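Me: I have a model open and would like to learn how to read its features. Could you take me through them one at a time?

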Amino acid sequence: RIFVADELQNVAPSITKTITSRIAEGSKLIYLGDLDQIDNPYLDKYSNGLSHVRSKMRNLANAAHITLRKGERSLLAEQAAKLL
């Protein structure tokens, strides 16, 4: 099984812990998010669930992290993320 959870930059670290600690053996878990698009007023680049998982699990042999440098949405979406 493969589980994909998007917008993890908008959830608290406790939510990512809940999801991750319940994943079944043999399953894959993919977290997605953009630290420049945090919509939760109680979270920032350092206190959100995506950053928390990345920092706590970065040295594990069965975990990986990839940072995409270029936006994959439309030009308008990229401009809105930067300006609004």
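Me: Which residues make up the largest nonpolar core?

Reply: First, a word on the source: this is a predicted model, where local features need pLDDT of at least 70, side-chain atom pairs count only at pLDDT 80 or more, and totals for chains, interfaces and linings use all residues. Residues are numbered from 1 along each chain as its sequence is written, and side-chain values use heavy atoms, with hydrogens and water left out. A nonpolar core is a set of buried Ala, Val, Leu, Ile, Met, Phe, Trp, Tyr and Cys residues joined through side-chain atoms within 4.5 Å; buried means under 20% relative accessible area, exposed over 50%, and partly exposed in between (1.4 Å probe, protein chains only). Here the largest such core has five residues: A5, L8, Y31, L50 and V53.

Me: What does A5 touch, leaving out residues up to four places away in sequence?

Reply: Contact means heavy atoms within 4.5 Å. On that basis A5 touches I30, Y31 and L32.

Me: Is S51 buried or exposed?

Reply: S51 counts as buried, because its relative accessibility is 6%. You will find S51 in helix 2 (residues 49–57); helices (H or I, at least four residues) and strands (E, at least two) are DSSP runs, numbered from the N terminus. The S51 side chain reaches the backbone oxygen of K45 at 2.6 Å. Beyond its neighbours within four places in sequence, S51 contacts L35, K45 and Y46.

Me: And where is D36?

Reply: Look in the loop between strand 2 and helix 2. D36 is exposed, at 55% relative accessible area. Its side chain joins that of K45 in a polar contact of 3.2 Å, a term for a pair of N or O atoms within 3.5 Å; within protein, one must be able to donate a hydrogen and the other to accept it, and residues adjacent in sequence count only if both atoms are side-chain atoms. Q37 is found in that loop between strand 2 and helix 2 too, but Q37 is buried, with a relative accessible area of 19%.

Me: How many residues line the largest pocket?

Reply: Rolling a probe the size of a water molecule over the atoms shows where empty space is left. The largest pocket holds about 1,700 Å³ of space. Of its 40 lining residues, the closest to the centre are Y31, L32, G33, L50 and I66. On a 1 Å grid over the protein atoms alone, a pocket is an open set of points where a 1.4 Å probe fits, with protein on both sides within 12 Å along at least five of seven lines; lining residues have an atom within 4 Å of a point. Grid points are joined across faces, edges and corners, and a volume is the space filled by probe spheres set on the points. Helix 2 gives the largest share of this lining, five residues.
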